[in-house]
Structures are given as structure tokens and as C-alpha cells.
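Hi,

Here is the model I promised to pass along. Have a look at it first, and my notes on what turned up follow below.

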Amino acid sequence: MAEYLENTAAPEKVLIAAADLGTYDMQTSLDELEELVRTAGGEVAARVVQKRPAYDSATCIGAGRLEEMAQLCAQLDIDRIVFDCELTGTQMRNIEKACGVYAIDRTMLILDIFAQRATTHEGRLQVEIAQSRYMLPRLTGKGIELSRTGGGIGTRGPGEKKLETDKRHIREHIEKLSDELKEIEKRRDMLHKRRKKDNVLVAAIVGYTNVGKSTLLNTLTQAGVLAENKLFATLETTSRAIELPDGRSVTLVDTVGLIRRLPHKLVEAFKSTLEEAANADVIIHVCDASSQDCAQQVKVTNELLGELGCSGIPVVTVLNKCDKVPNIDMLDISQQQGTVKISAKRGEGLDELLLAVQNALPQSCIRCKLLLPFDKGALLNTIRIDGRVFSEEYTAQGVLVDAQVDVKVYHLVEKYKTDSSS
């Protein structure tokens with residue numbers, strides 16, 4: 001698949017356009033679209049918006065405004081037009097014909113960014129499947145030659161139309177890629193089952209794109225994950241273990257950033273990556289406290305988590321970039337119970353975050369100090385296998401042990417607790 005926007009030395013000049021039907025905040029959406037263009041390697045030179053009761057079936061936008069766009073393209077030497085809504089193949093063809101400039105839509109732009117940033121085999125497969133599925137219904141309107149007469153045995157007659165041949169090839173390609181992806185998903189599922197079997201606790205870091213999720217993971221674990229001030233800097237999951245204050249180990253999983261009006265096709269394409277949240281024991285929901293759109297970002301994230309079946313999983317809400325907000329306590333979200341205020345970049349508030357994660361996790365073990373008689377060596381061995389021993393000291397009375405004990409065996413050791421136990 002060819003990329004829709006190419007990262008060249010000189011940024012491509014882009015005109016962004018939209019038909020405002022009044023169904024969402026157009027200004028905020030266009031600001032985000034401009035950021036997407038910048039992330040893809042382009043530079044927005046102009047905006048065109050038209051209030052309409054409905055999309056024009058032929059060109060999405062009205063004839064007068066389309067003529068204005070054509071003039072802007074000529075005057076500003078525009079390279080690409082990006083629409084804030086999904087376009088049909090026919091609409092793309094008509095817009096390109098009128099303006100003389102290649103036209104794409106919001107979804108194609110996001111797919112282009114995904115294509116640029118996917119680094120693992122799974123990520124590239126997910127992107128290619130999503131691109132192919134999106135392109136399939138748009139072949140008709142893109143001016144593809146419709147006839148191809150066969151020659152030779154079995155190909156005489158009218159032949160198979162080129163359009164149908166192209167569609168068949170794309171469907172076969174999607175099926176092949178999907179089979180590959182299923183094999184990867186099987187391995188991922190086996191990993192999830194192994195984690196459950198081994199009682200590995202998982203905390204998924206989720207949130208809107210560019211809120212500082214990767215920076216938080218890097219600060220906590222020195223993971224070395226790419227953390228840029230760009231949308232969708234992370235597309236693949238990264239896992240790192242960290243120790244909580246009570247001694248338990250939890251695996252932090254960084255996930256792809258979310259975005260408002262993220263097309264359902266993309267949610268489906270990256271479901272295996274996003275499902276890390278659905279398989280987590282606790283969700284760390286990171287928000288950008290410095291963003292004027294913080295509340296809306298939280299709403300978008302919560303809606304998508306609901307779609308992924310994450311209801312019932314404990315959530316720790318994290319207000320990041322608090323160092324940029326002088327009156328952070330004035331925000332409504334900061335007053336919600338369980339909300340933690342941090343600055344991942346400066347490393348502020350991380351102790352409170354780890355404590356909140358610890359409290360949100362189901363209690364699978366208890367830390368205590370025990371004085372075990374010498375004849376209870378089998379019990380000490382059980383603690384070593386199912387729990388964790390921080391220290392042990394042989395005394396005249398028995399073995400003094402500071403240990404993290406699995407709740408399933410705690411009743412066996414409770415009577416050996418010393419007075420200094422927590």
C-alpha cells in the first residue's frame with residue numbers, strides 16, 4: 001500500500017476542509033485534524049468550512065465553496081486536500097477533478113500515520129488490513145478502468161471487469177493478512193492465559209493520544225519507549241514490570257493512544273492491541289490536565305473502553321502535566337475520588353500513583369513478618385513458591401521471615417505472625 005502523505009524534507013502544503021452539520025464541535029475537530037496533518041509530515045496552509053444541513057452526495061461540500069477551494073489550491077500551491085469527514089470514492093474523484101489536487105479524508109490520514117509508525121509485524125499487518133478494507137468500497141469512484149477482455153482458453157467472452165478483479169485481489173489479500181494476524185493473536189491470547197496462570201498482575205496505561213502515556217512508562221521503568229509530542233507516537237504495546245510499595249510486582253502495558261471520532265474500522269483493526277486494557281487487572285487512565293479539552297478527552301476514552309468491554313475493571317485516573325496548570329485543584333475532574341495528580345516528565349506524584357494502583361488491585365497477597373518453627377520448613381518453601389521472601393533470619397526460636405504471602409495460604413501462616421507484623 002502506498003502512503004497517502006509522504007514525509008519529505010519540505011512539508012507538503014495541505015488545505016483542510018469540512019462540512020459543518022452541527023453534530024460536533026467543528027473548531028476543536030479541525031484543530032485536531034491540523035495536528036494529525038503535522039504528525040503525518042504536512043503543513044496546513046488554509047482551512048475551508050461550510051455550514052450545511054447534510055453532506056453533498058457528489059462533492060461533500062457545496063459548489064460555491066468547492067470553487068473557492070480550487071482557487072486557494074492554485075494561489076497557495078496546495079499539495080493535498082484533507083476532509084474532516086469520510087469521503088466516498090465518487091466524492092474524492094469529483095473534488096480532485098474540480099481542484100486539481102489529490103484529496104483524502106480523516107480516516108485515510110490516520111491510516112497514513114499508522115503506516116508510518118507501525119514497527120512490529122503485527123502493527124504493519126493491522127495497518128495494511130485496515131487500509132485494504134477502507135480502499136475496497138472506494139475503488140469505483142477513483143476512475144479505475146472497468147473492462148479487461150481476456151484472451152486464451154477459458155478467458156474468451158466479455159471477460160472479468162478489472163474493477164471486480166481488483167476487488168477480488170484485495171479481498172484475497174485481506175484474508176491472507178487476517179490469517180497471519182490471527183496466528184499472532186493466538187500467541188497473544190496464550191500470553192494472557194500464562195499471565196493469569198502465573199498470577200501476573202497487569203496495569204494497562206490508556207488514554208487520549210499525546211497525553212504522556214509513554215513518558216509515564218519511561219519515567220517509571222526506564223523502558224526507552226518513543227515519547228514524542230506528536231499524535232500516535234505509540235502504536236504497539238510495550239510491557240515492563242515494576243514493584244509496588246507492598247512488594248508486589250505489576251506489569252505496566254503501554255497502549256495505542258485514542259482519539260475523538262476514531263473510526264470504528266480502526267478500533268476493529270487495532271482491537272488486539274487495545275484489548276490489553278480489557279485483559280488488565282487495573283487501568284491507569286492518563287489525562288492531559290493542561291489541555292482545555294481534558295474533560296472531552298476523558299469522555300472519549302471512557303466510551304472506547306466501554307466498547308472494548310472494560311467495565312468492571314478498576315480505574316485509576318491520572319492527571320498528567322499538572323506542573324503546567326497553576327490551579328489544578330479547580331478542575332472538576334481533579335475532585336473525583338481516586339484521581340492522582342502527577343507530572344510524568346518531572347517525576348512528581350509517582351509515589352502517590354503507585355499507591356493508588358496498589359489499592360485498586362485485587363488483594364492477591366499479604367505482606368507480613370513471621371516466626372516459623374524449624375519444623376515448618378515445608379511451609380516456608382510454600383511461601384517461597386507462591387509468594388515472595390524479602391528476608392529471612394535464623395534465630396534461636398525459629399526462622400524470622402519478612403514475606404509476601406499468597407492469600408490462599410495466608411490462613412496457614414497467620415498464627416506465626418510476630419508483633420512487628422504490618
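**What I found**

C60 sits in the loop between β2 (42-51) and α2. Helices here are DSSP runs of H or I with at least four residues, strands are runs of E with at least two, and both are numbered from the N terminus. C60 counts as buried because its relative accessible area is 1%; buried means under 20%, exposed over 50%, and partly exposed in between, with a 1.4 Å probe and protein chains only. The phi of C60 is near 70 degrees, a positive value in a residue other than glycine. Most residues other than glycine have a negative phi.

Before you go further, two notes on conventions. This is a predicted model, where local features need pLDDT of at least 70 and side-chain atom pairs count only at pLDDT 80 or more, while totals for chains, interfaces and linings use all residues. Residues are numbered from 1 along each chain as its sequence is written, and side-chain values use heavy atoms, leaving out hydrogens and water.

D77 is another non-glycine residue with a positive phi, about 55 degrees. D77 is in the loop between α2 and β3 (80-83). At 54% relative accessibility, D77 counts as exposed.

**The overall picture**

The chain has 13 helices and 13 strands. Of its 422 residues, 50% count as buried. Take the contacts (heavy atoms within 4.5 Å) in the chain with a separation of 6 or more: 67% of them are between residues 24 or more positions apart.

**Helix packing**

How do α2 and α3 pack? Helix α2 (residues 63-76) and helix α3 (residues 89-99) have their axes 8 Å apart, at an angle of about 55 degrees. The axes are lines fitted to C-alpha atoms, for helices over the stretch in contact, and the angles run from 0 to 180 degrees between N-to-C directions. That angle makes α2 oblique to α3. For the labels, under 35 degrees is roughly parallel, over 145 roughly antiparallel, 65 to 115 roughly perpendicular, and the rest oblique. On the α2 side the contact is made by L66, M69, A70 and C73, and on the α3 side by I95, A98 and C99. By class, that contact has seven nonpolar, no polar and no charged residues. Ala, Val, Leu, Ile, Met, Phe, Trp, Tyr, Cys and Pro count as nonpolar, Asp, Glu, Lys and Arg as charged, and the others, Gly among them, as polar.

Next come α7 and helix α11 (residues 350-360), whose axes come within 12 Å and cross at roughly 95 degrees. These two helices are therefore roughly perpendicular to each other. L216, T219 and L220 of α7 meet L350, L353 and L354 of α11. By class, this contact has five nonpolar, one polar and no charged residues.

**Rings**

There is one aromatic pair in the structure. F374 and Y394 form it, stacked, at 6.3 Å centre to centre with 10 degrees between the planes. The cut-offs: rings of Phe, Tyr and Trp (its six-membered ring) pair if their centres lie within 6.5 Å, and planes under 30 degrees apart count as stacked, over 60 as edge-to-face and the rest as tilted. The pair links distant parts of the chain, with F374 in the loop between β11 (365-372) and α12 (377-386) and Y394 in strand β12 (residues 388-394), 20 residues apart. Y394 counts as exposed, at 56% relative accessibility.

R367 lies over the face of F390, at 3.8 Å from the ring centre. A charge sits over a ring if NZ of Lys or CZ of Arg is within 6 Å of the ring centre and within 35 degrees of the ring normal.

**Links across the sequence**

V211 is in the loop between β5 (201-207) and α7 (213-221), and at 1% relative accessibility V211 counts as buried. Leaving aside neighbours within four places in sequence, V211 is in contact with V286, C287, D288, Q297, N320 and K321. The C-alpha atoms of V211 and Q297 are separated by 9.6 Å, with the two residues 86 apart along the chain.

N302 lies in helix α10 (residues 294-307) and is partly exposed, with a relative accessible area of 41%. The C-alpha atoms of N302 and V206, 96 residues apart along the chain, are separated by 9.9 Å.

Cheers
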